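Please study the sequence and the structure shown below, and then work through the exercises. Each exercise states a task and is followed by a solution in steps.

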Amino acid sequence: MESCPSVKNILLLDSEGNRVAVKYYSDDWQTNSSKEAFEKSVFTKTQKTNARAEAEIAMFENNIVVYKFAQDLHFFVTGGDDENELIVATVLQGFFDAVGLLLRGNMDKKEALENLDLILLCLDEIVDGGIILETDANVIAGKVAAHSIDSGAPLSEQTISQALATAREHLTRSLLNLELASPASGFQVGFCSQREH
Amino acid sequence: MAQFVKKDDDRDEEEYSPFLGIEKGSVLQEARVFNDPQLDSRRCSQVITKLLYLLNQGETFTKVEATEVFFAVTKLFQSKDIGLRRMVYLIIKELSPSSDEVIIVTSSLMKDMNSKTDVYRANAIRVLCRITDGTLLTQIERYLKQAIVDKNPVVASAALVSGIHLLQTNPEIVKRWSNEVQEAVQSRAALVQFHALALLHQIRQNDRLAVSKLVTSLTRGTVRSPLAQCLLIRYTSQVIRESSMNNQSGDRPFYDYLEGCLRHKAEMVIFEAARAITELNGVTSRELTPAITVLQLFLSSSKPVLRFAAVRTLNKVAMTHPMAVTNCNIDMESLISDQNRSIATLAITTLLKTGNESGVDRLMKQITNFMSDIADEFKIVVVDAIRSLCLKFPLKYRSLMNFLSNILREEGGFEYKKAIVDSIVILIRDIPDAKESGLLHLCEFIEDCEFTYLSTQILHFLGVEGPKTSDPSKYIRYIYNRVILENATVRASAVSTLAKFGAMVDSLKPRIFILLRRCLYDNDDEVRDRATLYLNTLGGDGSVVETDKDVKDFLFGSLDIPLVNLETSLKNYEPTEEQFDISSVPKEVKSQPLAEKKSAGKKPTALGAPPAAPTSTVDAYEKLLSSIPEFSTFGQLFKSSAPVELTEAETEYAVNVVKHIFDKHVVFQYNCTNTIPEQLLENVIVVVDASEAEEFAEVATKPLKALPYDTPGQTFVAFEKQEGVLAVGRFSNELKFIVKEVDPSTGEAEEDGVEDEYQLEDSEIVAADYMLKVGVSNFRNAWESLGPDFERIDEYGLGPRESLSEAVNAVINLLGMQPCEGTEVVAANSRSHSCLLSGVYIGNVKVLVRLSFGVDSSKEVAMKLAVRSEDESVSDAIHEIVAN
């Protein structure tokens with residue numbers, strides 16, 4: 001109980017229980033097959049519940065699992081038996097909302113797979129080795145979206161697709177209304193807007 | 001990223017995925033773009049994403065593949081594209097390179113760590129700390145210390161979180177950072193404070209004083225993020241647990257802080273505080289009330305997570321303080337229909353714990369509706385709760401038994417049915433009134449039971465309980481139906497059950513014989529054999545005689561030999577003229593019976609089912625001792641001590657001793673473990689020299705035949721002493737045995753052994769061994785009721801002592817009695833203290849003790865000892881213990 005609030009895994013599955021992106025932070029599941037077995041049992045037992053408006057919760061193998069669905073995406077965060085349920089729920093909400101922002105509201109499997117890099121970065125920014133890094137969706141999405149060109153990069157390195165991507169990210173950022181929300185991305189945002197205007 | 005896949009027309013029907021038909025081999029080929037002189041960062045990012053996708057799907061790379069990818073990836077540090085760089089960080093973490101590979105990226109990452117771009121710095125720190133080892137860490141330590149106090153919160157958090165991870169592997173390095181971490185705790189960035197607090201606590205966790213100081217200063221200061229606040233609540237309850245509470249004034253340190261957190265604006269903090277309060281040691285109902293109140297509010301929240309958290313906590317509270325939770329009963333009842341079945345089940349089991357007798361019927365009605373639409377695992381939890389409710393309110397057995405029989409008739413899996421049957425069996429055993437109706441319910445159940453295991457269990461149980469009922473004949477029909485309708489296993493056990501009725505109820509004998517004779521033509525040999533055996537032993541040749549005791553014992557007596565031993569003996573028996581003699585089978589239990597008992601403990605169920613009662617060690621010992629013929633005449637076991645180690649840890653032979661105290665005897669049980677794989681010890685005994693314990697006379701020794709490697713065994717030595725005499729003494733012990741070499745490859749021992757001995761530490765019988773720690777709930781009442789007839793009061797000087805609490809503990813340990821009402825804790829700096837003790841002295845004499853201590857400025861402790869007991873001589877004996 002003296003331990004730091006932590007999560008054991010974060011799962012993003014599709015509507016058939018297949019992995020979109022998963023990240024395990026605990027030794028409870030050593031092999032890929034044990035991970036898949038856990039995912040399967042969690043998926044089948046939660047499949048029929050209605051976790052769309054509010055996050056739902058259940059217990060599995062002495063873990064608490066908080067989950068929320070959006071279209072064909074199923075989000076799960078697992079915490080230990082003793083963990084504060086509301087902390088686990090906060091992590092889930094942070095992940096869920098950040099993915100929503102990054103996918104610009106198109107919360108479906110196709111969009112998620114097409115932006116898998118963003119989702120993986122998002123997972124990386126939420127939890128580090130089980131320890132919660134950040135739970136504010138805006139900050140998380142801001143950090144992930146802070147793709148941009150290093151100040152030293154020559155213009156010639158930019159291709160058309162990059163330019164398009166930059167434009168897309170700019171759109172994301174204006175959607176996020178980042179406006180120096182975090183000093184980390186503030187530097188990047190400031191620079192980009194200078195460049196693009 | 002649509003260019004990931006060339007869309008295939010044939011596959012348009014299938015679900016579209018950018019990773020359709022992805023293959024490891026081709027992606028590894030694609031990874032060659034990393035080596036291009038002109039880097040296309042977009043494309044490189046895409047390839048890394050594909051690699052990460054493969055890893056994420058559970059694909060593994062061989063060592064060679066991983067190394068190749070890793071080296072290629074290191075080339076990408078040339079690119080200045082931030083997006084690509086971050087993908088590079090990700091894949092390096094996923095590949096977890098070996099230490100000789102790490103060197104390749106170290107310099108690049110160190111450059112990034114000192115870059116002007118904050119995103120680089122934070123991420124480079126996390127990557128480097130993830131893959132680094134101790135030697136490299138000393139090189140970058142300087143930068144990490146700077147990063148901890150960096151003004152950018154992302155960088156500071158990255159360094160702090162990495163510190164938390166590194167503390168596991170390189171504690172001595174991370175501990176040097178405590179000044180910087182301390183500074184970061186004061187940070188104005190919410191999450192930096194959270195991470196710094198977590199790290200600082202972990203650095204100092206072994207220093208109780210430092211943790212206490214940390215908590216004291218922070219509970220008064222400002223804590224910015226809810227997460228940090230939760231963390232602080234956890235540390236606070238740790239401090240509360242470790243500090244002796246000040247019970248005199250009724251105040252608990254930091255309780256005010258916890259209570260204040262109940263009014264925090266973040267729900268997670270409110271809940272954390274409420275939970276911490278409910279988990280305080282010996283929490284009073286006054287302390288509980290505010291926590292229960294906020295949890296009650298959560299019960300009607302619109303968020304399922306909040307309802308679940310609240311009901312789960314209240315469920316735990318209900319186990320220890322059912323009265324405190326009754327206020328929430330109305331809210332709980334509305335949760336029975338909750339959409340979330342976990343919440344509903346928790347609500348029901350809580351209600352079953354807190355409910356009063358009058359509410360049982362109403363509750364059962366609600367549950368009946370609910371049972372039909374939950375999964376078996378939840379149903380089992382409910383059945384368990386109902387069983388304990390029934391044992392609590394035996395008068396309500398009728399409605400509860402009805403409920404159980406109803407659900408027994410419904411559909412369900414084996415585990416669920418077994419839980420119900422077990423519950424009914426327990427109720428029949430414990431509530432005599434419930435027996436007849438319970439047995440009939442079970443009879444009806446086996447009429448249509450698909451589980452052979454359950455049928456045979458019930459038939460066996462019927463055989464034991466049925467003949468003792470008022471009208472045994474009514475069960476015969478159900479049992480004989482099994483012989484007609486079921487499979488061979490069930491038929492055989494039905495035959496045994498019939499025979500039991502025949503043996504126990506003489507009036508039924510003729511009818512039973514007719515039925516058994518029919519079974520002689522069964523097409524299964526086991527059934528025929530059993531029928532023949534029973535007919536012959538019960539005298540089924542027509543003469544109705546009273547079954548004699550021998551036959552009953554033979555047929556239905558319990559087998560008092562461990563089955564494992566019987567099995568080995570039978571295997572060793574070679575068919576000769578000599579008959580197998582069952583009395584030659586050793587009765588001693590081979591392995592530690594305690595370990596077995598533990599493993600047999602119930603598996604934890606998914607929901608907060610009440611934990612299985614701790615297995616009573618005394619019971620296990622008693623069973624063990626009474627199974628040894630030499631000790632069976634010693635009478636009732638009074639007390640068994642905790643094991644005392646007689647060897648240092650990690651020596652060749654590990655031996656500990658358990659002292660069993662009887663009225664006139666003392667038995668030493670030596671638990672021996674042989675930790676040398678190459679040795680087999682035989683004829684192990686402990687030679688005890690009791691020359692310093694004159695009042696004891698050795699009466700029996702029970703050697704241990706063989707002590708193989710890593711299998712604990714026991715040898716016993718018994719002493720006689722006078723009844724009613726407080727005999728104490730010191731015994732010196734020596735282990736004696738024959739040692740045989742074992743060939744480790746075959747596991748076979750050599751023929752010849754050598755005698756050897758091994759010196760053990762001394763054991764002692766002290767006064768406290770004759771005292772059982774038995775608490776009383778209300779000391780004052782108990783004291784008054786014992787009366788002043790056998791009260792003995794005297795005063796003693798204890799001489800100079802280290803502290804008052806040390807003196808108090810010494811006296812408690814000397815007497816071996818149970819401190820009552822928390823009086824063993826001495827308030828810091830107090831000059832006087834009263835302590836209340838209770839216990840049962842050998843011979844089952846209740847003893848209560850009141851101790852008053854005083855200490856003067858030179859640390860001289862004086863004590864007044866007042867004893868009341870049921871026996872004058874015992875009161876005197878207590879004084880004698882202290883006087884010596």
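**Exercise 1: The elements of chain A**

The model is predicted, so local features need pLDDT of at least 70 and side-chain atom pairs count only at pLDDT 80 or more, while totals for chains, interfaces and linings use all residues. Residues are numbered from 1 along each chain as its sequence is written, chains are lettered from A and ligands numbered from 1 in the order in which they are written, and side-chain values use heavy atoms, with hydrogens and water left out.

Task: State how many helices and strands chain A has.

Solution. Step 1: Helices (H or I, at least four residues) and strands (E, at least two) are DSSP runs, numbered from the N terminus. Step 2: Chain A has seven helices and seven strands.

**Exercise 2: Buried and exposed residues**

Task: Classify Cys122(A), Cys835(B) and Leu395(B) as buried or exposed.

Solution. Step 1: Buried means under 20% relative accessible area, exposed over 50%, and partly exposed in between (1.4 Å probe, protein chains only). Step 2: Cys122(A) has 0% relative accessibility and therefore counts as buried. Step 3: Cys835(B), with a relative accessible area of 0%, is buried. Step 4: Leu395(B) has a relative accessible area of 73%, so Leu395(B) is exposed. Step 5: Leu395(B) lies in the loop between helix 22 (376-392) and helix 23 (397-409) of chain B. Step 6: For chain A as a whole, 60% of the 197 residues count as buried.

**Exercise 3: Two helices of chain B**

Task: Determine how helix 28 (residues 488-504) and helix 30 (residues 525-537) of chain B are arranged.

Solution. Step 1: Axes are lines fitted to C-alpha atoms, for helices over the stretch in contact, and angles run from 0 to 180 degrees between N-to-C directions. Step 2: The two axes come within 9 Å and cross at roughly 10°. Step 3: Helix 28 and helix 30 of chain B are therefore roughly parallel to each other (angles under 35 degrees count as such). Step 4: In the contact (heavy atoms within 4.5 Å), helix 28 of chain B contributes residues including Ala488(B), Arg491(B) and Val495(B), and helix 30 of chain B contributes residues including Glu526(B), Arg530(B) and Tyr534(B).

Note on methods: Angles under 35 degrees count as roughly parallel, over 145 as roughly antiparallel, 65 to 115 as roughly perpendicular and the rest as oblique.
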